[in-house]
Amino acid sequence: MSTPPSARDEILARIRTSLGDRTSTVEIPRDYHRTGGSPVGSPELLELLTDRLVDYKATVHRATPADFAAVLASVLESAGRVVVPAGLPDGWAPPAAVVDDGSLSWAELDAVDTVLTSCTAAAAETGTIVLDGSPDQGRRAVTLIPDRHICVVRADQVVRGVPELLGRLDPRRPLTFISGPSATSDIELQRVEGVHGPRKLIVVLVSD
Amino acid sequence: MSQVFLGMPAHSSPGVGALRGDQTFPQAARTALADPQLRRNLGHATGTIRAKRLAVVSELDDWEQLRLAGQAIKAATMARLDDHLARLEQEVTARGGTVHWARDAVEANRIITELVQATGADEVVKVKSMVTQEIGLNEALEQAGIAAWETDLAELIVQLGHDTPSHILVPAIHRNRSEIREIFLREMPGVDPDLTDEPRRLAMAARSHLRRKFLSAKVAVSGANFAVAETGTLVVVESEGNGRMCLTLPDTLITVMGIEKLVPTWTDLEVFLQLLPRSSTGERMNPYTSMWTGVSPGDGPQDFHLVLLDNGRTAVLADEVGREALHCIRCSACLNVCPVYERAGGHAYGSVYPGPIGAVLTPQLTGVEQNASLPYASTLCGACFDACPVRIDIPSILVHLRARHVEEYAAEHRLPSAESLAMGAAAWVMSSARRFGFVTRTARLGRVLGRRRGRIRSLPPPASAWTATRDVPLPPTETFREWWLRTRGES
């Protein structure tokens, strides 16, 4: 008696049976816009990103490198208890902030009000910010459980569209794409912002 | 030792999951059409999404190029599906995940149940997933004493209402706010008795109901919107954050995915992440998209399992015309533009996959004879093809499946069909002027069936098959020949 074929072998064999002879190859036309024409971080892209974020009911604060510390401080004033990832740039975190070294429990994260992070990249056209778990962004739970997310976006991280955005990412890292705060339209298609993820998204956009 | 041919494509498991309704489409649609509340809810919802979709699609001047690219990527995926799946398995495994293969629903449910049991957990949190409904996973887990909590708001409404989903994207599209309030008040433990029917209040009730579950869950089960073969990356697209909760907080994550849902390369995602949100919710981008590759040390579930499911997909792949249905990315744009769906609703299709795409996908997954009425559940108006972000030619597949059904039926039933008997009789009648005159005069007697309605609602068998879905006009009081005789006289 031979052993029965594994599900893997059988499914792959079924696919081969179904496809039969394969001679033709499929050409993929990629004449959609792969680059946006606008230079990374240009004023028009920052305008577009701001417009999209506001449309999603996120709050946007503009800052220059000179007044960044003051803008961040004013945003943090009403932020309550703050948690920050361990690799946040020096001087960003308020003195009383809890630093996540990877050992905080979900209950402890649930007890803080706000998380403050940096980001990896942003796409203006869709108002999307991406986190990739780098030390200045932290593990995913840190930006998920607290009710308010303050995210600092630098102008040189802002590209136009989705193709350029994906081009900047490492697919092997855990990635979170954020386009506005959590929302649902499940009840009569009426949009309600803030369900399970952070109910408030505050973006500090830094440019010269 | 018998030699069994390995690799014969098979249909989905019968008797398990949600691909077969109890009634035919016309029967079920008749019930749905008699419900004015349902029709109001559906009309409002589909109209709203249609308008939103059109607005955001018209923002992109390269929409047609994106559709063409999406169509080609899916065709390329199917042409080398075996290679891409093997690559996906290799990449996921190399990054610390475990890949399982399931020939059908029964096998998938067994694998997942055993994985949950191995953790010692007696409950799981779930991200909205079509495929777990397709295989009836919640019922299978329940039989094993494991509670499955749906966490998407609409899925929660459906689950608490002991109901079934009626739309791919908005499963509770058939419920309005006051119905949802009643369900929550009745079924949600510890809910505020003063809950109003304001959508915000209802959403916040769901938030507090699920919060404790998220923070304590040990095991999550998800579907996947995409998987990237070359990197092993899984993608879940969502809005509420319940997906992020399930994909991030538990120790163990089990993802179930149909074998057709992968794309070959990372670059390919740049097409689908534009096509999907604009087509489905009518948004430029959905609020949250999560991507993960195997296990990330110190971040998210440290035990990751991917279950790759056939359950009839290889049988769909075997049909050179019908296989295009596997290109579907479950956006539900075709539902929202379909005049039949808008009136009949999702339940009438008897399958977790309703609407135009369901009418071509479901019968192919189960075998056409088991869902023979679905390919006819369409007016062939073509709106679904125009709306489809990957250009699936649904009307052509519908016609193809109708032909397949007729051929398979004829091959199986040696007896001639009522239609061919009628045609034979007509030929005999029409070949003689005397016989033709007699029959047309006699047909006048049929007027008695119409009574005063002016049309015939039902005929006796075998013609009842025709009148089950159509009325027959009354025969005229006077035949053409009689009229000719009366007005022109005999010359």
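Me: What makes the six strands of chain B, in the order 1-10-7-4-2-3, an open sheet?
Reply: The edge strands, strand 1 (98–102) and strand 3 (147–150) of chain B, each pair on one side only. The pairing is parallel. Strands are DSSP runs of E, at least two residues; helices are runs of H or I, at least four; both are numbered from the N terminus. This is a predicted model: local features need pLDDT of at least 70, side-chain atom pairs pLDDT 80 or more, while totals for chains, interfaces and linings use all residues. Residues count from 1 along each chain as its sequence is written, chains are lettered from A and ligands numbered from 1 in written order, and side-chain values use heavy atoms, without hydrogens and water.

Me: How do you know that strand 1 and strand 10 of chain B pair?
Reply: DSSP must find at least two bridges between two strands. Strand 1 and strand 10 (303–309) of chain B have five, so they pair. B:Thr98 stands opposite B:His305 there.

Me: Which strands pair between chain A and chain B?
Reply: Strand 9 of chain A and strand 9 (288–293) of chain B, antiparallel, over four bridges. A:Thr176 has B:Ser290 as its bridge partner.

Me: Why is the link between A:Arg30 and B:Asp268 called a salt bridge?
Reply: The term needs a side-chain nitrogen of Lys or Arg within 4 Å of a carboxyl oxygen of Asp or Glu. The closest N and O atoms of A:Arg30 and B:Asp268 are 2.5 Å apart, so the pair qualifies. The count between chain A and chain B is 15.
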